[in-house]
Amino acid sequence: MTDAQSDAKEALLADSSIQIVALARSAKLDAARAGFDCGSEPLNRYFKELVTQDVSRNLASCFVAYDIANEPSNVTPLGYYTLSSASVPMLDLPIALTKKLPRYPSVPAVRLGRLAVSMQAQGKGLGGVLLVDAIARTQRSDIAAYAMVVDAKDEAAVRFYEHFGFVRFSSLTSMLYLRLS
Ligand SMILES: CC(C)(COP(=O)(O)OP(=O)(O)OC[C@H]1O[C@@H](n2cnc3c(N)ncnc32)[C@H](O)[C@@H]1OP(=O)(O)O)[C@@H](O)C(=O)NCCC(=O)NCCS
């Protein structure tokens, strides 16, 4: 775990009123999606209009952060992320990694499809907390994944992921990976 990842984990433990739950398990959070605003229209629209279709078709799982201190009067989604299974062609990985691996055409991975924090909650550590939760959830799974992969939506997002130890596949792409161990 990198320093940035452990800092984010500590933040989660310190602020124990933040909970992260599967969207599929919370009817209240599901009903409260309409007010979500992270400042990015595609990420807002996905969460408000499309995510439940992906979840019901097993194309993605969605996990949502909220503050239990505000329950039961106010259950507001503060951030969300999605996870799906993926694979990474072996040729996309650096030789330093592949020389230690069997000659399979690809390695199993988990895709962090989307990650967003509501504007009111940004800059307070929640993005890092969600990212570390996604990594820990993947590592806890009984299904093997060699890496987590993400397609950052812009250069600021690339820097956010790099801050947490993700590495660009190449300088020409906004795709990054994190080797899971
Ligand atoms: C990107 C986003 C998820 C970050 O969430 P956040 O809660 O504001 O970020 P955090 O407060 O958790 O920041 C965690 C760390 O990352 C760093 N960080 C955050 N954004 C950064 C950026 N653009 N560049 C570099 N570092 C960044 C912070 O400085 C902080 O570092 P620290 O722990 O050393 O203080 C959030 O701003 C967001 O939802 N933006 C709109 C949607 C988006 O761009 N999503 C990215 C998906 S591709």
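Five bridges join E5 to strand E7 (residues 175–179), and the two run antiparallel. This is a predicted model, in which local features need pLDDT of at least 70, side-chain atom pairs count only at pLDDT 80 or more, and totals for chains, interfaces and linings use all residues. Residues are numbered from 1 along each chain as its sequence is written.

**Exercise 1.** Determine which residue stands opposite Met 148 in E7, and how E4 and E5 run.

*Solution.* Start with the terms: strands (E, at least two residues) and helices (H or I, at least four) are DSSP runs, numbered from the N terminus. Two strands pair if DSSP finds at least two bridges between them. Met 148 stands opposite Leu 178 in E7. E4 and E5 are joined by three bridges and run parallel. Here Ala 109 is opposite Ala 147 in E5. From E4 the chain passes through H5 to E5, a right-handed β-α-β crossover (with the strands pointing away from the viewer, the path from the first strand over the helix to the second runs clockwise).

**Exercise 2.** State how many residues of E5 are buried.

*Solution.* A residue is buried if 20 or more other C-beta atoms, placed from the backbone, lie within 10 Å of its own. In E5 (residues 147–151), four of five residues are buried.

**Exercise 3.** Find which element gives the most to the shell around the ligand.

*Solution.* The ligand is surrounded by 23 residues, the closest being Gln 122, Gly 127, Gly 128, Ala 156 and Arg 159. Elements giving two or more are H1 (3–14), E4 (106–117), H5 (126–140) and H6 (155–163). H6 gives the most, five residues.

Technical notes:
A residue is near a molecule or strand if its C-beta atom, placed from the backbone, lies within 6 Å of it. A residue is buried if 20 or more other C-beta atoms lie within 10 Å of its own, exposed if 12 or fewer, and partly exposed in between; C-beta atoms are placed from the backbone.
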